[in-house]
Amino acid sequence: MPVKSRYVLLLEGLSSVTRSGDIKHEFDACGTVKEVERDPKSRSALIEMKRSSDAKYAWKKMDGLRIDGKKWKVEYAIRDDFKYFGWKWTEGGDSTTPSPPRSPARSDTSD
């Protein structure tokens with residue numbers, strides 16, 4: 001299962017007339033929006049919220065909202081969404097790479 005962002009949401013189902021400023025305006029009602037990037041080709045956007053609690057509230061409030069004749073689908077962004085938009089994943093927790101060991105293996109008994 002992919003690791004989900006705690007602060008960044010993926011918005012899908014955008015109308016071709018919905019602009020980044022419109023998205024920011026709607027999400028601002030849920031908390032502080034740090035950044036919005038819209039992709040007209042895929043009709044999707046990434047929205048970065050300042051706090052994880054704001055992202056959770058926005059996810060609950062905005063999913064299913066109808067704007068400009070289209071029903072929005074809101075999900076937490078995953079690493080692939082960040083790659084698609086050219087954003088750097090900064091939250092740690094990569095599901096494909098195991099965490100490095102905390103200390104050298106203790107089974108080595110050579111003295």
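Contact, as used in these legends, means heavy atoms within 4.5 Å. The structure shown is a predicted model.

Figure 1. Leaving aside residues up to four places away in sequence, G13 touches R43, K70, K71 and W72. The C-alpha atom of G13 is separated by 9.9 Å from that of G69, and the two residues lie 56 residues apart along the chain. G13 is classed as partly exposed because its relative accessible area is 29%, between the limits of 20% and 50%.

**Figure 2. The largest nonpolar core, comprising 18 residues.** Residues with the most contacts inside this core are L9, L11, I23, F27, I47, M49 and W72. At least two core residues come from each of β1, α1, β2 (33-39), β3 (44-49), α2 (52-62) and β6 (73-78).

**Figure 3. Contacts of I23.** With residues up to four places away in sequence not counted, I23 touches L11, L14, T18, V36, R38, A45, I47 and W72. I23 is also among the residues with the most contacts inside the largest nonpolar core.

**Figure 4. The buried acidic residue D81 in helix α3 (residues 79-85).** D81 has no salt bridge, and K4, the nearest side chain of opposite charge, is 9.7 Å away. A polar atom of the D81 side chain lies 2.9 Å from the backbone nitrogen of I78. Beyond four places in sequence, D81 touches L10, L46 and Y76.

Note on methods. Residues numbered from 1 in each chain as written. Predicted model: local features only at pLDDT ≥ 70, side-chain atom pairs only at ≥ 80, totals over all residues. Heavy atoms only, no water. Helix = DSSP H or I, 4+ residues; strand = E, 2+ residues; numbered from the N terminus. Buried < 20%, exposed > 50% of the residue type's maximum accessible area, 1.4 Å probe, protein only. Lys, Arg positive; Asp, Glu negative; His and termini not counted. Salt bridge = Lys/Arg side-chain N within 4 Å of Asp/Glu carboxyl O. Polar contact = N/O pair within 3.5 Å; in protein donor to acceptor, adjacent residues only side chain to side chain. Core = buried A, V, L, I, M, F, W, Y, C linked by side-chain atoms within 4.5 Å.
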